[in-house]
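Please keep the sequence and the coordinates in view while reading.

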Amino acid sequence: MESPLVDVTIAVHSATRPIARAVASVVNGTAAPYRVNVVAHNIDPEIIRSNLGEYADHPAVRLLSLRDGIPSPAGPMNLGMAEATAQFHTLLGSDDEFAPGAIDSWLALQRRTGAEVVIGRIRLVTGGPDPYPPVRRGRRTRDLSADRDRLHYRSAPLGLIDRSRFGDLRFAEGLASGEDLAYSATLWITANNIAYDLYGPPYVGHDDAEDRVTSAPRSVEADFEFLRTIEEASWFLTASTADRHALAVKLLRIHFFDAVAARLEIPGIATVSDDLLRMLDRICAWAPGVLSVLSQADRRVIDELRTGSPEPERTRVLLGRRWIYLSLGAQLTRNPFFVLHRQAPLRTLFAGARSQRVEQL
């Protein structure tokens with residue numbers, strides 16, 4: 001077999017995942033030399049071999065096995081990365097697929113730009129194009145910036161990664177969630193050149209997996225343990241104020257408020273409000289003043305938490321208002337001087353909507 005130019009890692013933990021579809025999208029849709037590393041995670045690899053069907057004996061498909069007893073994708077993804085030898089590496093979810101030509105398009109963009117990371121665009125089968133990251137107008141394909149192009153809104157590192165620069169980078173193991181956040185932040189902040197294949201064939205995300213389960217409620221500390229992996233990263237202390245600010249805004253806007261919403265019922269928002277506020281203050285310490293670019297609606301939720309006894313129904317109503325993106329409360333900051341800040345909601349939402357329109361063309 002020709003030496004691969006791209007190693008693809010697909011981790012699969014269940015007999016019900018459509019692994020043959022994922023592998024077929026690489027085998028039938030890629031002209032460049034590739035290798036597919038299917039990692040059977042905490043499951044008999046012979047079950048996965050059977051599910052691969054005609055692709056089980058394909059010379060470019062390799063079946064690996066990992067039994068670590070940990071229900072996290074970090075371990076099998078890291079195994080695939082460790083076993084990779086190609087110049088580039090990419091990840092694919094076991095229930096997702098690449099549109100025909102996606103990898104070839106990423107490689108072509110990499111050759112044109114010399115990028116160390118190529119971001120693939122995402123199309124969700126049930127929701128259309130994913131508008132994130134909301135990059136700058138006129139800076140669509142190359143020399144992207146973590147801060148100016150708001151790259152942290154893409155947490156999953158889906159695309160092409162140059163192993164000569166990032167071959168030793170791994171997902172954080174042992175976390176309840178957020179295992180990819182330090183990994184992706186390292187890419188966005190330290191890569192010398194990042195390109196975005198906004199016009200090429202997409203990564204196609206499905207939601208037809210039959211084995212998704214709702215996990216038991218976790219402690220706030222467990223949910224935010226990923227903060228430690230970011231703080232321990234070699235680049236964190238030397239990162240620019242703007243880079244730490246951009247990352248902090250995204251973590252607050254997405255992860256913090258999701259954590260609030262998840263605790264409205266169990267164990268109850270009033271019982272964990274102090275824990276949530278400790279996480280809020282910890283993130284804010286990375287970049288003083290970061291709250292200034294949050295929306296008025298966001299700040300009202302925080303105000304309710306800071307009362308010491310937030311009311312669940314009022315908190316629910318306030319959270320709902322922050323998701324009404326066309327409202328003034330969701331678009332404007334409290335201080336009018338921050339309304340047009342690049343990390344403020346008005347410009348972020350506008351850039352995301354513009355990206356979505358471009359991807360639909």
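Two strands are taken to pair if DSSP finds at least two bridges between them. The model discussed here is a predicted one, and in it 4 strands form an open sheet of mixed pairing, in the order β5-β11-β7-β8. The edges of this sheet are held by β5 (97-98) and β8 (128-129), and because each has a single partner strand, one side of each is left without a neighbour in the sheet. At the β8 end, strand β7, which covers residues 122-124, pairs with β8 in the antiparallel sense over 2 bridges, and in this pairing leucine 124 is found opposite glycine 128 of β8.

Strands of a sheet pair through backbone hydrogen bonds, and they may do so in a parallel or an antiparallel way. Both arrangements can be followed from strand β4. On the one hand, strand β1 (residues 6-12) runs parallel to β4 and is joined to β4 by 4 bridges, with threonine 9 having leucine 91 of β4 as its bridge partner. On the other hand, β4 runs antiparallel to strand β9 (residues 159-162), to which 2 bridges join it, and here phenylalanine 88 stands opposite aspartate 162 of β9.

In soluble globular proteins, nonpolar side chains tend to be buried together. The largest nonpolar core of this model has 67 residues, and those touching the most other members are Phe224, Ile230, Trp235, Leu251, Leu252 and Phe256. Once its neighbours within four places in sequence are set aside, phenylalanine 224 is in contact with His255, Phe256, Ala259, Met279 and Ile283. Another core, of 37 residues, lies apart from the largest one, and its members include Val23, Val26, Val27 and Phe98.

Rolling a probe the size of a water molecule over the atoms shows where empty space is left. In this model the count comes to 4 cavities of 30 Å³ or more, and the largest cavity holds about 50 Å³ of space. Which residues line the largest cavity? Its lining is made up of Met81, His89, Ile161, Arg163, Phe166, Gly167, Leu169, Arg170 and Tyr183, and these divide into 5 nonpolar, 2 polar and 2 charged residues.

Among the open spaces, the second largest pocket has a volume of about 350 Å³. Its lining consists of 17 residues, and Tyr132, Arg253, Ile254, Arg322 and Tyr325 are those lying nearest its centre. Helices α9 (241-262) and α14 each supply at least two residues of this lining, and α9 gives the most, with 5 residues. By class, the lining of this pocket divides into 8 nonpolar, 4 polar and 5 charged residues.

Two further residues complete the walk. Serine 105 lies in helix α4 (residues 102-113) and counts as buried because its relative accessibility, at 18%, is under 20%. Not counting residues up to four places away in sequence, serine 105 touches Asp197, Gly200 and Pro201; between serine 105 and proline 201, which are 96 residues apart in sequence, the distance in space is 7.1 Å from C-alpha to C-alpha. Valine 339, by contrast, lies in the loop between α13 (328-331) and α14 (345-360), and is buried, with a relative accessible area of 14%. Beyond residues up to four places away in sequence, valine 339 touches Leu332, Thr333, Ala344 and Leu346, while the C-alpha atoms of valine 339 and alanine 172, which are 167 residues apart along the chain, are separated by 35 Å.

Conventions: Residues numbered from 1 in each chain as written. Predicted model: local features only at pLDDT ≥ 70, side-chain atom pairs only at ≥ 80, totals over all residues. Heavy atoms only, no water. 1 Å grid on protein atoms, 1.4 Å probe; cavity = no way out; pocket = protein on both sides within 12 Å on 5 of 7 lines; lining within 4 Å. Points joined across faces, edges and corners; volume = space filled by probe spheres on them. Nonpolar A, V, L, I, M, F, W, Y, C, P; charged D, E, K, R; others polar. Core = buried A, V, L, I, M, F, W, Y, C linked by side-chain atoms within 4.5 Å. Buried < 20%, exposed > 50% of the residue type's maximum accessible area, 1.4 Å probe, protein only. Contact = heavy atoms within 4.5 Å.
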